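Welcome, and thank you for opening your viewer. Let us walk through this model together, one selection at a time.

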Amino acid sequence: MADARAPFVSDRTGVTLRATDLRLRQLGIGLAAVVVAVVAGLTIGPVGIAAHRVLLELADMLPGLALDSGLSDAHAAIVRELRLPRVVLGLLVGATLSMSGATYQAAFRNPLADPYLLGIAAGAGLGATIAITSNLGDGAGALDPVPLAAFAGGLVAVTVSYAAGHLGGRSTASLILAGIAVASFLTACQTYVLQANSDAFRRIIAWILGRIATSGWSEPALMLPYFVVTAAVVLRYRRALDVLAVGDEEATALGVNPRRVRLIVVLAASLAAAAAVSVSGLIGFVGIIVPHTVRLAFGASNRVVLPLSVLFGGAFMVLADLVARTVLSPAELPIGVVTAFLGAPFFVLVLRTTRREVW
Amino acid sequence: MVAHTPAEGRQDGRNGAPSRAVRIQSVAVTLDSTQVLRGVDLEVEAGEWVNVIGPNGAGKTTLLRAVLGLVPFRGSIGINGLRDRRRSARARHVAYVPQTPVIPPGMLVADYVLLGRTPHRGVFAAETATDRCIAAEVLERLDLGGFSERTVQSLSGGERQRTVLARALAQQTEVVLLDEPTTALDLGHQQDVLELVESLRRERGLTVIATLHDLTLAARYGDRVAVLSAGQIVQCGRPDEVLTVGTIAEHFGAQVRVIDDPEGPVIVPTAAPAPEFVSTKSAARSLPKEP
């Protein structure tokens, strides 16, 4: 995908023409951010572990390499079995939420769109609330009903919004309005269930505020296939989303079917976002600030915004989780608090220091 | 390599009937249960420039949108050489410059013009060297060579209009539809844009259908003028035949003088006291016919 083509100079006219595409340098910056976040996430904690030992331990995990990191068995276990799954889940959830946010913004041509626009958050919240309050096989081991109910609730909400929005008219505005209606309805239902079961209040609020918590590799393993499928679909459609930027009518005149493109990318983005919400709760703001920061720093084309949102979203979430689990250690802050508390001032700073017009 | 396929139809024209680039036959469009077009017939030859004029709400834009396949219609619209009914196939034959183009935030001029290559490259593929060569040539031809790294948003009105035109030309279609290409431009830039279209038409054999509000410009540029009124083409012909005081009074409800000029009729509004404000139709009827 990375393409370091030289600027094109027409031999007939001498005009230089550079099409926007992801450059190697940009990809390198994104990967560097991921590496820094991962190393920090593995090194810092109640037990301090030197960065070079962490890197050796990671290299040792690669097939065909046998290295001695010099870590004791206990420390090696902390890195491999406690911190690494959590860091990987942070990468996957952060990458998913910001990639889905960037996709929603492009598909709806709306800078305020985020993955929760079509009611995923409200649907997942209702699903989780019902599962928690009804104590469905709590802790039964095999399948935790809360994430399943959240996932189902999120997808049902998106499907209903999409169906209702298309009945209402052809514009993206009617789709967004349908999403708002569905979200309000489901939030009302959730509040009702919550009021009726005030003993479960704390657990529900804790779920809503979100967390990157793992018990071994089951959460990252659950998340991975959704992330891979969605990333493959959305990145394949990155050029189509650039065509949609001129509006449905002109996109049609350029030979593209905007409604089909929107349906495919929004459903793909919603699938992964629902999976992320089901394992991590409602982590707000990431789907808005990461794509916009990428736009301000690297330009508005989806060829750049989508892949870099994946990398920076993952890195941002790992660092936010690091803050969440260290600031009040041994207690943990809800990660949604950290993403907004750190993310909002940072985003204001980016807005104030960039002159680029991207929206 | 970059040469625009000149409408081959021109050659056919010499040995037989002139070839039609666009053939619109009894096209009717109903939008929100309002009949906007009621059986429009219009044939445009390859390499010809036809201006569609008419009062607000006559259906000019809807006619262009029907040719582009953007609205459902009854009747038939034939585009020379187009057999395939898919959108991308149509976009390789007809390009569109809308009246108010959507300016995508943050998009660079180079990327914007390259969007015109979408129907050729396919929506998932990267641009080829040919695509970039064509875009570079179009930018140079339209004096936009120095703008390729700027955002479309940052351009002035005249530069934007040329950029949108550049995107349409990068599509390398035989037919170009222009919806009010001169709105929001000052007189000099109006002339620039229309002169540019005219020279491109000569160089590349483009077929042009444009809607225009300014009747004098409609008379000066293009071969024929078609008057669209209440969803029907009521007159179509050479500008000096069509643009008469009577026609303009009847269909625009305007009182004008028409001054003959070697380059085409000049339409000047007269300061005559307006008749009491009734419907334009009855106002037109009460006017004296052309002497």
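**Stop 1: a strand in chain B**

Begin with β3(B), which is joined by four bridges to strand β7 (residues 207–211) of chain B, the two running parallel. Keep in mind as you look around that this is a predicted model.

Now pick out Val52(B) on β3(B). Which residue is its bridge partner in β7(B)? Select Thr211(B), and you have found the partner of Val52(B) there.

Next, bring in strand β8 (residues 224–229) of chain B. β8(B) also pairs with β3(B) in the parallel sense, again over four bridges. Here the bridge partner of Val52(B) is Ala226(B). Show Val52(B) with Thr211(B) and with Ala226(B) to see both pairings in one view.

**Stop 2: chain B as a whole**

Zoom out and colour chain B by its secondary structure. You will find twelve helices and eleven strands. Chain B has 291 residues, and 48% of them count as buried. How far apart in sequence are residues that touch? Among contacts in chain B between residues at least 6 apart in sequence, 67% join residues at least 24 apart.

**Stop 3: a three-stranded sheet**

Stay in chain B and select strands β1, β2 and β4. They form an open sheet in the order β2-β1-β4, with antiparallel pairing. Which strands are at the edges? They are β2 (34–45) and β4 (74–79) of chain B, each pairing on one side only. On average, neighbouring strands of this sheet are turned by 15° against each other, direction ignored.

Look along strand β1 (residues 20–31) of chain B, which runs antiparallel to β2(B) and is joined to β2(B) by nine bridges.

**Stop 4: two alanines with a positive phi**

Go to Ala184(B), in the loop between β6 (175–179) and α8 (187–204) of chain B. Ala184(B) has a positive phi of about 70°, although it is not a glycine. Is Ala184(B) buried or partly exposed? With 14 other C-beta atoms within 10 Å, Ala184(B) is partly exposed.

Now move to Ala230(B), found in the loop between β8 and β9 (232–237) of chain B. Its phi is positive too, at about 50°, and Ala230(B) is not a glycine either. Ala230(B) has 16 other C-beta atoms within 10 Å, so it counts as partly exposed.

**Stop 5: a helix pair in chain A**

Switch to chain A and select helix α3 (residues 73–108) and helix α13 (residues 302–326). They pack at an angle of about 140°, with their axes 7 Å apart. That angle is why α3(A) is described as oblique to α13(A). The crossing of α3(A) past α13(A) is right-handed.

To see the contact, show residues including Gly90(A), Leu91(A) and Gly94(A) on α3(A), and Gly313(A), Phe316(A) and Met317(A) on α13(A). The residues of this contact divide into 15 nonpolar, seven polar and two charged.

Follow the chain onwards into the loop between α13 and α14 (335–353) of chain A, where Pro330(A) lies. The peptide bond joining Ser329(A) and Pro330(A) is cis, with omega at about 10°.

**Stop 6: where the chains meet**

Finally, show both chains. Here 34 residues of chain A are in contact with 37 residues of chain B. On the chain A side, β2 (16–17), α9 (238–244) and α10 (247–253) each supply at least two residues. Which element of chain A gives the most? Select α10(A), which gives five residues. By class, this side of chain A has 14 nonpolar, ten polar and ten charged residues.

Methods. Residues are numbered from 1 along each chain as its sequence is written. Chains are lettered from A and ligands numbered from 1 in the order in which they are written. This is a predicted model: local features need pLDDT of at least 70, side-chain atom pairs count only at pLDDT 80 or more; totals for chains, interfaces and linings use all residues. Two residues are in contact if their C-beta atoms, placed from the backbone, lie within 7 Å. Ala, Val, Leu, Ile, Met, Phe, Trp, Tyr, Cys and Pro count as nonpolar, Asp, Glu, Lys and Arg as charged, and the others, Gly among them, as polar. Two strands pair if DSSP finds at least two bridges between them. A residue is buried if 20 or more other C-beta atoms lie within 10 Å of its own, exposed if 12 or fewer, and partly exposed in between; C-beta atoms are placed from the backbone. Axes are lines fitted to C-alpha atoms, for helices over the stretch in contact, and angles run from 0 to 180 degrees between N-to-C directions. Angles under 35 degrees count as roughly parallel, over 145 as roughly antiparallel, 65 to 115 as roughly perpendicular and the rest as oblique. A crossing is left-handed if the near helix is turned anticlockwise from the far one by less than a right angle, and right-handed if clockwise.
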